[in-house]
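Please open the structure in your viewer and keep the sequence beside it.

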Amino acid sequence: MLALPAVCETAGFVPSTTALILCWIYMVATGLCVLEVNLATMCELGGGGVSIVSMADRTLGVGGVRFAWASYVFIHYALLVAYVAKVGELAVDLIPAFPGGAPAASIEYVAALGGFLFLAESDAIERFNNALVVIVLALFFPLLALAGSAADPRNLIDRGDWTAVPDTIPVIALAFVFHNVIPVVSSSLEGDKSKIRVAIIAGTFIPFAMFALWDAAVLGSVGVDDVEAALRQGVKAPDPLATLQASSDAAKALVSGFSFFAVSTSFLGFVLGLTDFLADGMKTTSKGDAKPWAVALLPPTAFALAYPDIFLSALDKAGTFGVLTLFGCMPPLMAWRNREMQRRESPPEECELRGDAFACVVTSDVLDPIVPGGIVALGALGTLALAVVVNETVGDATGYLAARDF
């Protein structure tokens, strides 16, 4: 959410909001592909707790598992790099004379929050995370109202650059990632396809509405003339959040507080996810083993210290080479393989929660395709994500070669 206004500013409100709508629809569609494969895997394995990796193993084999692992780790590392870099930036903005500057702030943050997560019990971590979420929401709505009061509708409709829309897609797609919680939702709702589908659509519409309102409020407070003047001069357009932050002392306090706590909630979740994943790979069962924590925290911290201005770039790369591969390209491919496997096997079966395991009873359409359109729709979903990845790869390669005068 923090990066959306800056990423969408060049495109303008109308084009970027169109991209927001289309990305929401797209990510819901790929999420439904994951749901389709998840339900089939639950029935086949006779239980819940199915992960993206186990779905990839069942449908795509060893190659799919390795790809899923690599994408999963890349997403987590890239986002942790972004969060560590952002914390240092926030600290210096708030306290210009911070001892040691941004690098020291980043190190102290990682040591403090990482140390807490390592030492605390799961109940304490859950309470702490819940408190952070409450604080984020408590700050978001006053900040939204403040930004909205300064917004000028002309700033939203007087300019738009549709050619800049492709550059917004990776970060927007990143904002809509929810696919990794689908197995948990499926288990909680006892494999009820209709209820899970409603939960996915309704649950993602809420952040979509928040993103759209946030984008409108913040972009509306930046003058069109200022943006166009910067673009004509070939320099970076003014940061919308920085513009809002400079408007008043109240705005500065709200933006700084919201940014810090929003980063902290995300940092917490991704650290726990990555350490659990690494501990499983290292066959470590003791929570007191520091190796997974060191591997999870030290590399992104070092990278963020070496490249302190990497926040937006790290988010962009996480969206392109992590989210759009793992949750863009893979879900339709897994759904297609799953349908092929179902077609060769017995009729669809209904999954019911019986005790601690899922039992399958023939006679229902619960395993029928959820995303309509057959192989054409699945192919289109995969191709769209692949096109963004290829476009970003070509752009990065071209920029790299141009910078070295090849």
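Select helix 5 (residues 122-150) and helix 12 (residues 249-281), whose axes come within 9 Å and cross at roughly 145°; helix 5 passes helix 12 in a left-handed crossing. The contact is made by residues including Ile-125, Phe-128, Leu-132 and Phe-140 of helix 5 and Ala-250, Leu-254, Phe-258 and Leu-272 of helix 12. By class, this contact of helix 5 with helix 12 has 20 nonpolar, 4 polar and no charged residues.

Some terms need care here. Helices are DSSP runs (H or I, at least four residues), numbered from the N terminus, and axes are lines fitted to C-alpha atoms, for helices over the stretch in contact, with angles that run from 0 to 180 degrees between N-to-C directions. A crossing is left-handed if the near helix is turned anticlockwise from the far one by less than a right angle, and right-handed if clockwise. Contact means heavy atoms within 4.5 Å, while Ala, Val, Leu, Ile, Met, Phe, Trp, Tyr, Cys and Pro count as nonpolar, Asp, Glu, Lys and Arg as charged, and the others, Gly among them, as polar.

This is a predicted model, in which local features need pLDDT of at least 70 and side-chain atom pairs count only at pLDDT 80 or more, whereas totals for chains, interfaces and linings use all residues. Residues are numbered from 1 along each chain as its sequence is written, and side-chain values use heavy atoms, with hydrogens and water left out.

Stay on helix 5 and pick Ala-131, which lies in that helix. Ala-131 is partly exposed, because its relative accessible area is 36% (buried means under 20%, exposed over 50%, and partly exposed in between, with a 1.4 Å probe and protein chains only).

Next, select helix 4 (residues 101-119), where Ala-104, Ala-105, Ser-106, Tyr-109, Val-110, Leu-113, Gly-114 and Leu-117 are buried. These buried residues of helix 4 pack against helix 3 (52-94), helix 5, helix 12 and helix 13 (291-306).

Now show helix 3 together with helix 13, which pack at an angle of about 55° with their axes 8 Å apart. That angle makes helix 3 oblique to helix 13 (under 35 degrees counts as roughly parallel, over 145 as roughly antiparallel, 65 to 115 as roughly perpendicular, and the rest as oblique). The crossing of helix 3 and helix 13 is right-handed, and among the residues that make the contact are Tyr-77 and Val-84 of helix 3 and Pro-299 and Phe-303 of helix 13.

While helix 3 is selected, find Lys-86, which lies in it. Is Lys-86 buried or exposed? At 10% relative accessibility, Lys-86 counts as buried, and, not counting residues up to four places away in sequence, Lys-86 touches Val-263 and Phe-311.

Move on to Glu-190, in the loop between helix 8 (182-188) and helix 9 (193-219). Most residues other than glycine have a negative phi. Glu-190, although it is not a glycine, has a positive phi of about 55°.

Finish at Leu-219, which is found in helix 9 and is buried, with a relative accessible area of 7%. Leu-219 and Phe-13 are 206 residues apart in sequence, and their C-alpha atoms are 7.0 Å apart in space. Leaving aside its neighbours within four places in sequence, Leu-219 is in contact with residues including Pro-5, Phe-13, Asn-155 and Pro-240.

Note on methods. Helix = DSSP H or I, 4+ residues; strand = E, 2+ residues; numbered from the N terminus.
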